[in-house]
Amino acid sequence: MRSGWGSITDSLTRDRWEYSGHLPYIKDAKSFLHDYVSIVSDPHLSYAEHSKTHPPGYTLFLYGLQQIFGFEYPGMAVVLVLVAGLSVFPIYLFWREFIDRDSLRLSLQMFIFSPGLVLMSATSLETFFLFITWVSLAFCLIGWKRSRVLSGLGGLAAAIALFSNFLFLLLAPLFAYI
C-alpha cells in the first residue's frame, strides 16, 4: 500500500501476468471459451501468463464486470473488496450449523481482520474464489437439510468455483462428508 490507490489496482494492470491481460482481446465470452485452450497454450502469448494454470472463470468474472457494469480496473478492485467482505455471510451460514454463536462471532471477527484477507482483498481474484467457495459450501449444506432450491444454487456456485480454480477439487472430501 505504499503507492495508495495505484497499489490497489496494480495487480489488475499487470497485463503480462494477470488474468486482466485477456480483457482487451476478448470479443465475446462464447468465442473466448471456445478458444481458451488454444489461447493459453500458445507459446507466443505475451499476456496473462498466470491464466495458463487456471480455468477461465477469473477472466470471465472480470470480463463480466467490464461488460455489464462498464468497470475499469479501479471499479474491479472495489468489487473485489466488496466480494471479500461479503464472504463473511456464507461463512457464518455454514459454520452456524456446527458451533455455537459466540464462538462463531469471535472466529468471524478474527477472520475479518486477518492480514491476508485485508491485504489481498483488492489485489487478488482469490477473494472471488473465497466467496464462491463458501457460498457453495453453505448453500449445499443448508440446501441438503432444508431446501432443494438452495442445494441447486450451491451446486451452481460449486461449478463456478471449479471453473475459477482447480483447488476447489480439494474440497471434494468435505462435500462427501456433508
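The legends below describe views of a predicted model of one protein chain.

**View 1. The overall fold of the protein chain is built from helices.** The protein chain has 10 helices and zero strands, and from the N terminus on its elements run α-α-α-α-α-α-α-α-α-α. The radius of gyration is 17 Å, close to the 16 Å that the globule rule gives for 178 residues, so the protein chain is as compact as a globular protein of that length. Along its principal axes the C-alpha trace spans about 50 × 40 × 30 Å, and of the contacts between residues at least 6 apart in sequence, 68% join residues at least 24 apart.

**View 2. The surface and charges of the protein chain.** The accessible surface comes to about 10200 Å², with 67% of it belonging to carbon and sulfur atoms, while buried residues make up 43% of the 178 residues. There are 12 positive and 12 negative side chains, and the centres of these two sets lie 9 Å apart.

**View 3. Phe69 and Phe71 form one of the 10 aromatic pairs in the structure.** Their ring centres lie 5.3 Å apart and their planes meet at 20°, so the pair is stacked, given that planes under 30 degrees apart count as such. Phe69 counts as exposed at 53% relative accessibility, whereas Phe71, at 26%, counts as partly exposed.

**View 4. Phe94 and Phe98 form a tilted aromatic pair.** The rings are 5.3 Å apart centre to centre, with 50° between the planes. Phe94 is buried, with a relative accessible area of 2%, whereas Phe98 is partly exposed, with a relative accessible area of 40%.

**View 5. An aromatic cluster.** Ring pairs link Tyr19, Tyr58, Phe61 and Phe128 into this cluster.

Notes
Residues numbered from 1 in each chain as written. Predicted model: local features only at pLDDT ≥ 70, side-chain atom pairs only at ≥ 80, totals over all residues. Heavy atoms only, no water. Helix = DSSP H or I, 4+ residues; strand = E, 2+ residues; numbered from the N terminus. Rg over C-alpha atoms; globule rule 2.2 N^0.38 Å. Buried < 20%, exposed > 50% of the residue type's maximum accessible area, 1.4 Å probe, protein only. Contact = heavy atoms within 4.5 Å. Areas by Shrake-Rupley, 256 points an atom, 1.4 Å probe, with all protein chains shown as cover. Lys, Arg positive; Asp, Glu negative; His and termini not counted. Charge placed at Lys NZ, Arg CZ, Asp CG, Glu CD. Phe/Tyr/Trp six-rings, centres within 6.5 Å; stacked < 30°, edge-to-face > 60°.
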